[in-house]
Amino acid sequence: MVVHKIIVAHGAKEACKNFSEDNVYGSLGVFYGPSEAELPFPFMIHIDKENPVHVFDSHNLHIIFSELDTVYDFMSYIDAKVAAIHAYEMISYCGEEDLLAHYFLNFDESRQKHFIGTSEKDINAIMIGEGEWKDFIELDIYKRKKLADKISYHWDRLLQITCQNTLDGTIGGYSPLSGRSAIHEMAKEPRFHRRALSERIIQSIRNFPDTQQSIMRNLSFMSSFYEDKGYVFLQLKVDDITDYENEYRPKRQALLEVACGAAKNKFDHLKTVVGIAIDAPKYAEINSEDFILMDCADWTEEKKEHYEKENEGLGFFKTGVIEKGAVTEFPVLKKPEVLSRVNVGRNAPCPCGSGKKYKKCCLGKT
């Protein structure tokens, strides 16, 4: 176990701003250095670099947890910070938000990670000036990132709905809040990769076939940020369901399990497969979610043959092309697209492709 010590200090904002006109937000300064070092002015906290503690204040606490709002992103920042504290003789900055801006602006292409410090070998101390965060959030790359991140919160809503159902006692099956679960694995995804997952889900929902058939399915495979993990997304359209909870959902869960096993057989490198099943939103007035966590680390020949047999009549991953794409944390500027404004009547089919009437789907939304 690795334990990080964090202190949240409240109440110094006005005193900090009154002490120095250069203090943009009233954040506490932080100095990591030798224990014997002395600082000649107040409102800068001296922390022994051999026993690092992270100090956030009233202003930057919100920034840290809104900009680093996944487990992966927050821990990557903390790990990079601790590595820099140990690597340099001294690190000094005027507010945690300024250090965060420095972190975002430094990216190691070879390791595909942000870092704190410099690639120059003869530097033994880092001093980050006041206002780095203020300047950073005015950059176009930051604004493009925030815009691109909006779609990623569809993934978060899947997690939140399920966890809230657990807290409310309305969930069926295994609780995702105790031990390893599908939700636990989904929560490991970084913010920028949640964009790709959310886009793929939304695209799959829009591409669900327009059909008059009483039973129809659509299956998508989505790559995880982690190479040995993948996601299976199953949509079902079934008309005239008589017993939703006791008859239909167990069958949907059984289909999802076979789809997860078929994914492992198709992509042998996978050690974890997470299955997500819903009713096709194009046709469903209400919906529910089923999740499966399939641990494939020990994939015996017996398991392989079992799911091959179960999949014979279903044909999951037997045909079709598996889509793959790349996503970057700070999107590059693309050529502007020409958008057209469409006037849609309230009772007309919604242009988003859901199949619902405009007044019941996207009317009033942007």
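## Aromatic rings

Tyr77, Tyr103, Phe104, Trp133, Phe136 and Tyr142 are linked into a cluster by ring pairs, where rings of Phe, Tyr and Trp (its six-membered ring) pair if their centres lie within 6.5 Å, and planes under 30 degrees apart count as stacked, over 60 as edge-to-face and the rest as tilted. The model is a predicted one, in which local features need pLDDT of at least 70 and side-chain atom pairs count only at pLDDT 80 or more, while totals for chains, interfaces and linings use all residues. Residues are numbered from 1 along each chain as its sequence is written, and side-chain values use heavy atoms, with hydrogens and water left out.

In total, the structure holds 20 aromatic pairs. One of them joins Phe56 and Phe65, whose ring centres are 6.3 Å apart with planes at 80°, so this pair is edge-to-face. Phe56 counts as buried because its relative accessibility is 0%, whereas Phe65, at 40%, is partly exposed; buried here means under 20% relative accessible area, exposed over 50%, and partly exposed in between (1.4 Å probe, protein chains only). In the pair of Tyr244 and Tyr248, the ring centres lie 5.1 Å apart and the planes meet at 45°, so the pair is tilted. These two residues are four apart in helix 10 (residues 244–266), and are therefore separated by about one helical turn. Tyr244 is partly exposed at 24%, while Tyr248 is buried at 7%.

## Charges over rings

The charged end of Arg191 is placed over the ring of Tyr153, 3.9 Å from its centre, and Lys237 lies over the face of Tyr283, 5.1 Å from the ring centre. A charge sits over a ring if NZ of Lys or CZ of Arg is within 6 Å of the ring centre and within 35 degrees of the ring normal.

Phe43 is found in the loop that runs between strand 2 (29–33) and strand 3 (44–48), and with a relative accessibility of 34% Phe43 counts as partly exposed.

## The chain as a whole

The protein chain has eleven helices and twelve strands, taken as DSSP runs numbered from the N terminus (helices H or I, at least four residues; strands E, at least two). Of its 366 residues, 41% are buried. Among contacts (heavy atoms within 4.5 Å) between residues at least 6 apart in sequence, 64% join residues at least 24 apart.
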